[in-house]
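Thank you all for making the time this morning. I would like to walk you through one model, going from a pair of helices to the sheet and then out to the domains.

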Amino acid sequence: MTPIEFRRHIHRHPELSFVEFETAAFIEGALAAEGIECRRVAGTGVLAKITGCGDAARAIVLRADIDALPITEATGLEYASENEGVMHACGHDVHAAILFGALQRLNLSRDFEGTVFGLFQPGEECNPGGASKVLAENPFEGYDVVAMVGNHTDSGLEVGQIGLCSGAFMASNDELRLYVRGRGGHGAMRDKLNDTVAAAANIIAKINTLNSNDLVLSIGKVQAEGATNIIPDLTYMEGTMRTFDQSLREQTWEAIRTTAAEVDALFGTTTEVDINHGYPCVVNDSRLTEIARTLASESLEAVELPKRYTAEDFGFYTIQYPSLFYRLGVGRAAGGSHTSAFAPDERAIAIGVDFMSALVYKLR
Ligand SMILES: [Zn+2]
Ligand SMILES: [Zn+2]
């Protein structure tokens with residue numbers, strides 16, 4: 001099976017995070033047909049293993065995510081989604097196909113040093129993400145992982161461009177939910193109530209000042225079911241917080257709680273702060289990034305990318321292993337990811353296969 005055939009099959013049969021049952025079975029079948037050893041990981045993930053030469057304990061992990069999104073496809077492609085309301089709109093079908101192609105090639109040569117793992121990871125789009133589930137199973141125990149490698153399609157880059165960023169590349173992502181509770185009442189009898197709406201407004205104004213060049217914090221939803229003359233018992237709000245710095249991230253969790261407590265003291269309210277910890281920052285190893293930059297410059301075009309405030313569960317791997325996460329140009333005509341019209345240029349797949357398999361010989 002060619003990587004493009006592999007990609008089109010997965011594209012036609014997309015599955016949402018953590019229910020990639022048919023996708024995983026398909027991947028297992030395709031690997032078995034190539035004589036590549038594999039096993040399940042994190043439920044609906046597949047972990048392939050190919051042993052090269054030399055020290056087998058030295059390992060490189062190549063990772064692709066395999067889940068799709070709850071979007072109804074509108075590309076009109078002949079291999080468009082047959083699963084109503086589900087679509088590979090983030091290019092994870094392309095990532096899986098590139099990984100498959102790289103494994104196919106490495107399995108035929110087997111002349112690289114050490115062991116290569118091919119990790120088809122489930123549930124990237126769904127907090128807390130499949131990466132943390134994979135790591136909880138400790139599948140690389142006993143191996144010295146010298147590089148964890150992943151890529152992502154990028155429709156801001158043309159086919160043939162590889163986007164790289166050394167150091168902190170993608171932000172951490174935490175979900176904020178605040179429940180401001182108090183004694184509601186008649187809006188005209190303020191001495192008999194705790195104004196949960198005014199307290200919430202104060203919290204928003206104060207935590208907004210935490211925004212900086214290294215951190216974004218936004219409240220995107222505020223719900224107070226009162227009326228012109230009714231202050232409700234509860235004002236609810238939710239938002240997102242993203243940063244490139246783990247210690248700043250932890251300080252800000254604390255600052256939000258402190259702010260809520262200060263406002264509560266003023267208004268007599270009780271605020272419950274629920275912070276759902278999402279993906280950590282994606283941090284690229286500078287040495288691995290330099291190797292990738294040199295390789296990309298040889299036959300493709302290496303593009304320096306700025307930091308991104310989007311998040312990716314690949315961040316969990318970057319905490320544990322020297323890591324490289326790069327972006328693969330799929331052409332501006334592909335349109336925006338996470339939209340019903342997203343259609344990456346398939347010429348990027350062969351380029352992705354060449355680049356990923358070549359990296360295995362260079363990274364050390
Ligand atoms: Zn996505
Ligand atoms: Zn994605």
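Please keep in mind that this is a predicted model. Let me begin where helix α7 meets helix α9: on the α7 side the residues are I291, A292, L295 and A296, and they meet F355, A358, L359 and K362 in α9. Sorted by class, the residues of this contact comprise seven nonpolar, no polar and one charged. The axes of α7, residues 286-299, and α9, residues 347-362, come within 10 Å and cross at roughly 125°, and the two helices are therefore oblique to each other. The crossing of α7 past α9 is right-handed.

Turning now to the sheet, eight strands form an open, mixed arrangement in the order β1-β2-β4-β3-β5-β16-β6-β15, with β1 (37-41) and β15 (301-304) as the edge strands, each of which pairs on one side only. On average, and ignoring direction, neighbouring strands are turned by 25° against each other.

Finally, the protein chain is divided into domain 1, which covers 3-171 + 281-362, and domain 2, which covers 172-277. Their centres, taken over C-alpha atoms, are separated by 38 Å, while eight residues of domain 1 are in contact with eight residues of domain 2. On the domain 1 side, the touching residues are five nonpolar, two polar and one charged.

Note on methods. Residues are numbered from 1 along each chain as its sequence is written. Chains are lettered from A and ligands numbered from 1 in the order in which they are written. This is a predicted model: local features need pLDDT of at least 70, side-chain atom pairs count only at pLDDT 80 or more; totals for chains, interfaces and linings use all residues. Axes are lines fitted to C-alpha atoms, for helices over the stretch in contact, and angles run from 0 to 180 degrees between N-to-C directions. Helices (H or I, at least four residues) and strands (E, at least two) are DSSP runs, numbered from the N terminus. Angles under 35 degrees count as roughly parallel, over 145 as roughly antiparallel, 65 to 115 as roughly perpendicular and the rest as oblique. A crossing is left-handed if the near helix is turned anticlockwise from the far one by less than a right angle, and right-handed if clockwise. Two residues are in contact if their C-beta atoms, placed from the backbone, lie within 7 Å. Ala, Val, Leu, Ile, Met, Phe, Trp, Tyr, Cys and Pro count as nonpolar, Asp, Glu, Lys and Arg as charged, and the others, Gly among them, as polar. Domain bounds come from an automatic or database domain assignment. Two strands pair if DSSP finds at least two bridges between them.
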